[in-house]
Amino acid sequence: MAPDAPTRAGKAARPRLALALDTHISLPLFALVLLVAVWIVTFHFIGVAREHAIAAARAAAREHVDTYEAQLGRNLASIDQTLKVLKYAVEINGPAGALAALREQALLPSTLVFVVSVADKNGSVVASNPYMRPINVARERYFTIHRDQPTSAPFISQTMRDEADPEPHLHFTRRLNDAAGAFAGIAIIEADPAYFTSAYEQARQGQHGALGLIGNDGIARALRVGEQLSWGTVVPVATARDDVVSLGADLPDRVPRYTAMRRLHGFDVTAMVALAQDEQLAPYRKLRANYLLAASGASAALALIVALVATWSWQLARTRRGVRRAKETYAAASEASPDAFFVIRSVQGADGDIVDFIAEDINSRAEALTGLTKAAIAGRHLAEVLPAYRKHGIFDDLKQVAQSGRASETEWQSDRTTPDRRWLQRQVVPVESGLVIIVRDITERKMTEQRIFHMAHHDELTGLPNRLLVRQCLERAILGAAPKHTGVALAFIDLDGFKLVNDGLGHNAGDELLKIVGARMQACMRRKDTLGRFGGDEFVIVMPVASDDALALAPLLDKIRRAVNEPVLLNGQSVQVSCSMGVVMYPRDGLDASTLLMNADAAMYRAKELGHNNFQFYAREMNASVEQKLVLLDGLRTALDTALGLARGPSQLSLVYQPKIDLRSGRMFGVEALLRWDHPEFGAISPLRFIPLAEESGMIVALGDWVVRTACRQNQAWRDAGLDPITISVNVSPRQFEEPALVERIAAALAHSALAPQGLELEVTESLIMRDLVQSVDKMRALKAMGMSLSIDDFGTGYSSLSALKSFPISTLKIDKSFIRDVVDSADDQAITMAVISLAHKLNLRVIAEGVETEQQRTFLRSHDCDEMQGYLFSPPVPAARIASLLATQADAKAGKAPAMQP
């Protein structure tokens, strides 16, 4: 029985084995094993893809932060370079003149993006470009850090708003030092925080990426997340390391991001780039879906052996769902886009050529653009619903893309008859079933480009072509005239008396005068002429002419001259200016723009030398006067260096003194110090020649300091010699008066000479005070508080108001010699002189008349209660030794040893 047991067991196992080998049993088992293998491999590749995606996201963050770091580095370096240039300009030209100097040299950044300003040591903003309301920043962190720490590094403030600019902005600052190295204020550049995140592109950073300029204190200066710009957000940068990309949700929206930071060398800020994890891993998720789809397909293929019909049915439903999902995705994306989308397919004629296109689908933006609904367009020929598309080459462009399979991009202006014709950009992309047209409205960008072009080539104040455009017009005119053998005339115009108006009535009045005069000259132009503002009060006219007959231009030039001469009403006051014009002819006076401009400038100066208000045609000998001017300027610089002890050689500069006489007692109570220059080659140079040169070159400040110090020493020397104490008067130039350290310089001169403040009197002009009335009065009060006296020189020749006169802390009015010259014979001069004397006495001021040369003039002045006089009748300007002699004679007369001097 025992041997039969295995046999029975084998027989029992055969049915089970057959059952296992049966298709409905074996195939599912085999398919199950195969499915497990497929899914193991699938998940392996998914894991590898995820690691690669994370590595790619980190690499993208590093790449973006490298790019952003480089961009910020360039931007910050450019800003810091501007700060350095501004600092240098302040040291050379002073706070008030620095911006003007940089503006003339086109060294200021665009006012569309930046505001450049200068704050003095007290925190008051004294100059800005463009003009902003002055404020005090003494309490701001960006001011105190420079004031309290002698750092030479730039400082970047937190984003803030202030009284001058309610919009959020950053402050980039550098410390300003005076000549002694002490704190003198700060140079400031303000910038919109959006400027530093303008590199944000959704195509690169996604909709939830972040781009930020973060201070090393952890406070964001500018942070852009998607389209949202913010600042002041706390960002942990202390633990961040360069070249390390971290994953975290550190920003307020708690979105996980791959974050890379890079500290910027030389600046206390960090560049930050953060890429949203979801957006960066989106390609991985799509790939993961593809892997899963492939594995599912394999599983479905295997399942077909078991249930073919069910598998086919399931696969068909899956396919339909995918198509529907794709259409929904396209519809959602196109509806959310600000661009117009058109999906079209081509229509072919009998010969196979494309004759039209049919619109299959459009989005809502396309409906708004065309004014037609989707139902009105879908399925119809474009030639029927949009017949204008065959214009501007649109049809030809679509046809070429459809035939070549290459995308195209074009810009064009719409055909609308309304004033707001729009600029559009068209992108045509070929797809399998036809074409996709993307239309974008770029009108705003085009208008911005046009505005920028206009601003770059036109004067902001007058709207006339600026120096750059004028030069281009001149060069084009020369190129056009050369082959035709015609000519070009160039007129260089400078306004006479503009400085007096600008100083007396203020810069706003000066600007208004420039606009009015510019408009008047423009009205005189012929259609082919070009008028431009060259800078300041200088204008240039480019005039194509048929020949080089200069006299043919005389009527037009005289018309312009007469138009400029017409009175102008400014601030309720009628003023009148004239113009001096220099004219050159191409090709007679030069073959290129630079030569013509130089020679026209020389001719203009010749017109000024001949008394202003005329025009002069260029002659070669005119350049000689310009060369002589340069020689005098170089000689004046050498003379000043010698006087200051910076160079060796005989002294060329000296002071002479003209006595001031009391008209009642005949006593000499003071002198006026006058500067003289004895040139080693040209001899005595008139102050009327070298003082304007010193003003133009900026040497007047150092020259004025030398005069004050020398005059103080001489007055103290007379006192030390036992002579009667007198007051010495010194004229203060506008540039010298505007120096922030004027009071300190005067105090130093008095201290160095040991002269009492009562022994010094400063003479200022009306126009100088009216430049900045409030600041001038404050400075005059500070000088008066020291004990010295102040007087107004050349009274009656400026534009000061009588209401302002009563606030001046002065003790004396000096009547200009132009009124004294004919006071005996001119009823007008007599009336003016008596009015000034009466006004001064009612304001408790003394009156001194300058330029008194005759007995009749002295008698008139004394009979009308004028207090003092100065002029050649008593004495011309004389050396210091002669003043000492006169003082000694006066002392003897007082003691009865000599006859008294007569007034």
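A cavity is a set of grid points where a 1.4 Å probe fits but cannot get out, and its lining residues have an atom within 4 Å of a point. The structure described here is a predicted model. By that definition, Val235, Pro236, Gly248, Ala249, Asp250, Leu251, Val255, Arg257, Thr259, Met261, Met272 and Ala274 line the second largest cavity, which holds about 70 Å³ of space. At least two residues of this lining come from each of strand S10 (257-263) and strand S11 (269-276). S10 makes the largest contribution, three residues. Sorted by class, the lining of the second largest cavity has eight nonpolar, two polar and two charged residues.

In the whole structure, three cavities of 30 Å³ or more are found. The largest cavity contains about 90 Å³ of space. Its lining consists of 13 residues, and those nearest the centre of the largest cavity are Ser117, Val125, Ile135, Ala164 and Glu190. Strand S2 (125-129) and strand S5 (183-191) are the elements that give two or more residues to this lining. Seven nonpolar, three polar and three charged residues make up the lining of the largest cavity.

## The five-stranded sheet

Strands S18, S19, S17, S22 and S23 form an open sheet in the order S18-S19-S17-S22-S23, with mixed pairing. The edges are taken by strand S18 (530-535) and strand S23 (615-617); each has a single partner strand, so one side of each lacks a neighbour in the sheet. From one strand to the next, the twist averages 20 degrees.

S22 and S23 are parallel and share three bridges. Within this pairing, glycine 582 has glutamine 616 of S23 as its bridge partner. Helix H16 (residues 554-565) packs on the sheet and touches S17, S19, S22 and S23; the direction of H16 makes about 160 degrees with that of S22.

## Strand S17

Strand S17 (residues 487-496) is mostly covered, with ten of its ten residues buried. The burial applies to both faces: Gly487, Ala489, Ala491, Ile493 and Leu495 lie on one side, and Val488, Leu490, Phe492, Asp494 and Asp496 lie on the other.

S17 runs antiparallel to strand S19 (residues 538-545), and eight bridges join the two. In this pairing, valine 488 stands opposite proline 544 of S19. S17 is also antiparallel to strand S22 (residues 578-586), to which nine bridges join it. Here isoleucine 493 has methionine 581 of S22 as its bridge partner.

## Helix H14

Helix H14 (residues 498-505) is largely enclosed by the rest of the structure, because six of its eight residues are buried. These buried residues are Phe498, Val501, Asn502, Asp503, Gly504 and Leu505.

## Aspartate 705

Aspartate 705 belongs to helix H20 (residues 700-720). Its relative accessibility is 10%. Buried means under 20% relative accessible area, so aspartate 705 counts as buried. With neighbours within four places in sequence left aside, aspartate 705 is in contact with Gln736 and Arg745.

Note on methods. Residues numbered from 1 in each chain as written. Predicted model: local features only at pLDDT ≥ 70, side-chain atom pairs only at ≥ 80, totals over all residues. Heavy atoms only, no water. Buried < 20%, exposed > 50% of the residue type's maximum accessible area, 1.4 Å probe, protein only. Helix = DSSP H or I, 4+ residues; strand = E, 2+ residues; numbered from the N terminus. Pairing = 2+ DSSP bridges. 1 Å grid on protein atoms, 1.4 Å probe; cavity = no way out; pocket = protein on both sides within 12 Å on 5 of 7 lines; lining within 4 Å. Points joined across faces, edges and corners; volume = space filled by probe spheres on them. Nonpolar A, V, L, I, M, F, W, Y, C, P; charged D, E, K, R; others polar. Contact = heavy atoms within 4.5 Å. Axes fitted to C-alpha atoms, helices over the stretch in contact; angles between N-to-C directions.
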